[in-house]
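Open the structure in your viewer and keep the selection tool ready. This tour says what to pick next and what you will find there.

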Amino acid sequence: MDLKGTSALVTGASRGLGAALVHALGKAGARVVAVARSREALQGVVASARAQGAEVHALVADVGDKQATYAIAGSAAALVGPVDLLVQNASTLGPTPLPLLLDTECEDLQKVLEVNVVGPFRLTKAVAGSMAARGRGTVVHITSDAAVNAYPTWGAYGVSKAALEHLGRIWNAELAERGVRFLTVDPGEMDTRMHADAMPDADRAALARPGEVAAKLVRLLQQDQAPARVELASFPVSP
Amino acid sequence: MTVAQSTIEVPVARWPRDNPLRERLLAIDPRGGRFQDHRVGDLPKLLAPRDLVVVNDAATLPASLRGRTGAGDAVELRLLEAPVEGSARAVLFGAGDWRTPTEHRPAPPRLKVGDQIAIAPETPDPVLVTVAAVDPERPRLLAVRFAPTPEPLWAALYRIARAVQYSYVSAPLELWHVQTAYAARPWAVEPPSAGRPLRWSLLESLRQKGVALATLTHGAGLSNTGDPAIDAALPLPERYEVPRATVDAVAAARAGGGRVIAVGTTVVRALEGCAADHGGELVAGAGVTSLKLGPGTRPRVVDGLFTGMHEPASSHFQLLLAFADDALLRRAHSHALSQGYLWHEFGDSCLVLPPRLRVA
């Protein structure tokens, strides 16, 4: 897709990959609405992207809150036009240090599913109907190798990402013929606060920079064809 | 013309029903002078391959703002349109709430330019609105300007305002009760309700039948204010945008012998208003239309429409007269009354559509 002038909505936009994506999409000419819970962190991201000439709008909201669904979808469409690209990047690990399943509170699993699966479902439901009616649109689900591999202590998060990936497959089965595509993207291990929360002892030098990963994702989006699941770690750095 | 009939109270659906596809659909053939009872789920059987269905993808914005004037009077402001650069036209209502029919609400205080209303004054972040203009003949009709908010004005609206309510519903409506399944930009202050029963399963059945789908955006205003001077002027000029893809889809339907079916009076107004502004030709782009269709107008783009049930006294009924004659529509109305059809935003539907001409 040509990102120039495209209306994009990015969740989890105040830090890490989300913040980097706001910059990268803005640089590629997209009109971006950046959603996050923290007003201060979000405003910092928006200010720096605008300083580089990007059109970016800040929207403070929690994708885990059902009441926020129409506020996010409606405000975004009002600010930048009907949404052509939705990046479902917001997610939560649940409590850290990550617990074994036998130590996981039922309520914590529910909360992780609410933010990582139900929230993205609600937001897509509010946005993808318009995409389908217009016959075009792209939704990106940011996932993790924890969706595929059974790592001890990654229970709630891994289950939520596995569910999110399957959600994307079913969305694709239902909407591909309407011109709406769903991409599941595993960004790989990045040097982010989420990674530090999950694995505080990791060697940061071995982790990818969110900005480089965001640039790869933008190049992936600019391609007309992409597999439904992509691991960005093995995606070439430049064309 | 029987005046009595236009004042008959119609039965009303007081809440969204569970299965829109089971709702009633009265199919009216204006050429044959006939009508027939169906269900909404029968729509694919009533349309043909290469027909084109055009929907209004305007989302419904929260347009009911409750507040207090500087003098301390409780008021409700209903926006007539989505704000553009912080300004919008609006209608002022007095104390009380949606449970009272608009025509029985107490009159609001008379405001003058420069007066301010604090919206959601009980919340930590109220929003200040300033009266920018007062209509000289209809003093409840205002232009208002929103004070800058720390968030985009849109986010503030979703926080402090609610969907416009109807006195006949059984409980307060949330935004999800009034959104269509394909809503995009929040331009409508009341829902483009003709599209409410169009679930995606139905749109999929239409696609499998070979019926095309296209969108436009039309900022539907208030349907009723209870102020006779304002209501007589409704609908006021409204904003629309017709995408290039929709202009192409109309041309393709025409070329293939298909019919153009508008979903709701707002789609008729946008398509015909756009054509009227461009010498009879549908042109991609945005505009404002003040077109009012009636018995004397000849539609240039739209062949028929799928819409709600409209009473003979309503302005929507006047629009139907552009598609079918008065006697037929009144017979159909009497039939629907006798068959227990339901009216208003959550009510049943009708399809006014001539049969397809055989291609020679």
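This is a predicted model: local features need pLDDT of at least 70, side-chain atom pairs count only at pLDDT 80 or more; totals for chains, interfaces and linings use all residues.

Select Glu85(B). Glu85(B) has 8 C-beta neighbours inside 10 Å, so this residue counts as exposed. Exposed here means 12 or fewer such neighbours. Glu85(B) sits in the loop that joins β6 and β7 (87-93) of chain B. Check its backbone: phi is near 50°, a positive value in a residue other than glycine.

**The barrel of chain B**

Which strands make up the closed barrel of chain B? Six do, running β5-β6-β7-β10-β9-β8, with antiparallel pairing. Ignoring direction, neighbouring strands in this sheet are turned by 45° against each other on average.

Zoom in on one pair. Strand β5 (residues 64-69) of chain B runs antiparallel to strand β6 (residues 74-79) of chain B, and five bridges link them. Pick Arg66(B): its bridge partner in β6(B) is Glu76(B).

**Two domains in chain B**

Colour chain B by domain. The assignment gives domain 1 (3-60 + 172-352) and domain 2 (64-160). Their C-alpha centres are 29 Å apart. Where the two meet, 14 residues of domain 1 of chain B are in contact with 14 residues of domain 2 of chain B. On the domain 1 side, select β11 (186-188) and α6 (228-231) of chain B; each supplies at least two of the touching residues. That side divides into seven nonpolar, five polar and two charged residues.

From α6, move along to Pro235(B). Pro235(B) is in the loop between α6 and β13 (238-242) of chain B. The peptide bond from Leu234(B) to Pro235(B) is cis, with omega near -5°.

Next, select Gly280(B). This glycine lies in the loop between α8 (265-277) and β15 (285-289) of chain B. Buried or exposed, with 10 C-beta neighbours inside 10 Å? Gly280(B) counts as exposed, because the count of 10 falls under the cut-off of 12 or fewer. Leaving out residues up to four places away in sequence, Gly280(B) touches Ala275(B) and Arg300(B).

Switch to chain A and show its strands. An open sheet of seven strands has the order β3-β2-β1-β4-β5-β6-β7, with parallel pairing. Its edge strands are β3 (55-60) and β7 (229-231) of chain A, and each pairs on one side only. From one strand to the next, the twist averages 20°.

Strand β2 (residues 31-36) of chain A pairs with β3(A) in the parallel sense over six bridges. Select Arg31(A), which stands opposite Glu55(A) in β3(A). Then select Ala36(A), which stands opposite Val60(A) in β3(A). How many of the six residues of β3(A) are buried? Five are, and the strand is mostly covered.

Now pick Val35(A). Beyond residues up to four places away in sequence, its contacts include Leu9(A), Val10(A), Leu59(A) and Ile72(A).

**Where the chains meet**

Select the contact between the chains. Chain A brings 17 residues and chain B brings 21. On the chain A side, β3, α3 (69-80) and α4 (106-134) each supply at least two residues. Highlight α3(A): this helix gives the most, with seven residues. The chain A side divides into ten nonpolar, six polar and one charged.

**Last stops in chain A**

Select Pro97(A), in the loop between β4 (85-88) and α4 of chain A. The peptide bond from Thr96(A) to Pro97(A) is cis, with omega near -5°.

Finish at Thr153(A), in the loop between β5 (137-142) and α5 (155-175) of chain A. Its phi is near 75°, a positive value in a residue other than glycine. With 17 C-beta neighbours inside 10 Å, Thr153(A) counts as partly exposed.

Notes:
Residues are numbered from 1 along each chain as its sequence is written. Chains are lettered from A and ligands numbered from 1 in the order in which they are written. Two strands pair if DSSP finds at least two bridges between them. Helices (H or I, at least four residues) and strands (E, at least two) are DSSP runs, numbered from the N terminus. Axes are lines fitted to C-alpha atoms, for helices over the stretch in contact, and angles run from 0 to 180 degrees between N-to-C directions. Two residues are in contact if their C-beta atoms, placed from the backbone, lie within 7 Å. A residue is buried if 20 or more other C-beta atoms lie within 10 Å of its own, exposed if 12 or fewer, and partly exposed in between; C-beta atoms are placed from the backbone. Domain bounds come from an automatic or database domain assignment. Ala, Val, Leu, Ile, Met, Phe, Trp, Tyr, Cys and Pro count as nonpolar, Asp, Glu, Lys and Arg as charged, and the others, Gly among them, as polar.
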